[in-house]
Amino acid sequence: MSERNDAADRRVDDAVALIGSALDAAGIEYTRPEGPHFVLTLPGEKKLKTTCLLTAGMHGVRVEAFVCRHPDEDREAVYRWLLRRNRHLFGVHYTIDKIGDIYLVGRISMDALGDRELDRVLGQVLEAADGDFNTILEIGFHTSIRREWRWRTVRGESRRNLGAFEHLITDEDRSAAERGEIGLPGDPPRSVVESAGAPAGGEDAGPATGSSGDLG
């Protein structure tokens, strides 16, 4: 039993060494919480940053990235879109946790683990999280976006972060803003783009180590 445990520990140590070497070679910054974990932040354009957790195990590496908190509305439509999107992803797939927050998860086998494969999978994580973010917001947060647009317009505040969603704004929204009315039910407006892209624990929380049991 001791020899088997020692062999398993060596495989994990080998995976940790391979991950560290690959990230260093790619110039990707990361932190190392306790255990065989790597936390890295991938910069984007639509979603400004995506926090990704890599966890080394005996049989390979688990990849987990937070994409978006649970939708405000039309959840079934969001999840249906994500399922269709899964058909076109490499190495990772969309899933949700027990409260409906959206993640990308995947695995890299020990046989495949190396600079090239890790780069391909992380590239897919970034492409999906950044490229799909606005679509997820359009489907699952459209009322919040319209409410924030009215609120910012009435108060004379910048709408720059809502520029990608102008097509969601209706004539009713524009008329209401001209009258100084927000006029949509719900909580006080917040920055939808920022709040939807941040985990419940805050922007720096990201995927929690040990949380993978809640994910597919």
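## A first salt bridge

Which side chains meet in a salt bridge at 3.1 Å, N to O? They are those of Asp-72 and Arg-69. The model is predicted, and the distance is computed from it. The cut-off for buried is under 20% relative accessible area.

## Overall layout

The chain has 6 helices and 6 strands. Along the sequence they follow the pattern α-β-β-β-β-α-β-β-α-α-α-α. The chain holds 216 residues, and 45% of them are buried.

Consider contacts between residues at least 6 apart in sequence: 66% of these join residues at least 24 apart. The accessible surface of the chain comes to about 11,400 Å². Carbon and sulfur atoms account for 48% of that surface.

## Helix α3

Helix α3 covers residues 115-140. How far apart are the end C-alpha atoms of α3? They are 36 Å apart. The helix has 26 residues, so at 1.5 Å a residue it should span 38 Å, and the two values agree. The helix also bends, by about 40° at Phe-133.

The side chains of Arg-120 and Glu-117 meet at 3.6 Å, N to O. Both residues lie in α3, 3 residues apart, about one turn of the helix. Arg-120 is partly exposed, because its relative accessible area is 42%. Glu-117 has 19% and is therefore buried.

## Helix α4

Helix α4 takes in residues 142-155. Its 14 residues should span 20 Å at 1.5 Å a residue. The end C-alpha atoms of α4 are 20 Å apart, so expectation and model agree. After α4 comes Gly-156, which has a positive phi, near 75°.

Which residues of α4 are buried? They are Ser-144, Ile-145, Arg-146, Arg-147, Glu-148, Trp-149, Arg-150 and Arg-152. Several arginines are on this list, among them Arg-146 and Arg-150. The buried residues of α4 pack against α3, α5 (171-178) and α6 (192-196).

How many salt bridges does the structure hold? The count is 14. Another of them pairs Glu-181 with Arg-179, with the closest N and O atoms 3.2 Å apart. Glu-181 has 37% relative accessibility, so this residue counts as partly exposed. Arg-179 is exposed, because its relative accessible area is 53%. The cut-off for exposed is over 50%.

## Cysteines and strand β5

The structure holds 0 disulfides. Cys-52 has 0% relative accessibility and therefore counts as buried. Cys-68 also counts as buried, at 0% relative accessibility.

Ile-96 is found in strand β5, residues 92-96. In sequence, Ile-96 and Cys-68 are 28 residues apart. In space, their C-alpha atoms are 9.6 Å apart. Is Ile-96 buried or partly exposed? Ile-96 is partly exposed, because its relative accessible area is 32%.

## A positive phi at Asp-74

Where does Asp-74 lie? Its place is in the loop between β4 (60-68) and α2 (75-86). Phi of Asp-74 is near 50°, a positive value in a residue other than glycine. Asp-74 has 42% relative accessibility, so this residue counts as partly exposed.

Conventions:
Residues numbered from 1 in each chain as written. Predicted model: local features only at pLDDT ≥ 70, side-chain atom pairs only at ≥ 80, totals over all residues. Heavy atoms only, no water. Helix = DSSP H or I, 4+ residues; strand = E, 2+ residues; numbered from the N terminus. Expected span 1.5 Å × (residues − 1). Bend = angle between axes of the 7 residues up to and from the residue. Buried < 20%, exposed > 50% of the residue type's maximum accessible area, 1.4 Å probe, protein only. Contact = heavy atoms within 4.5 Å. Salt bridge = Lys/Arg side-chain N within 4 Å of Asp/Glu carboxyl O. Disulfide = S-S within 2.5 Å. Areas by Shrake-Rupley, 256 points an atom, 1.4 Å probe, with all protein chains shown as cover.
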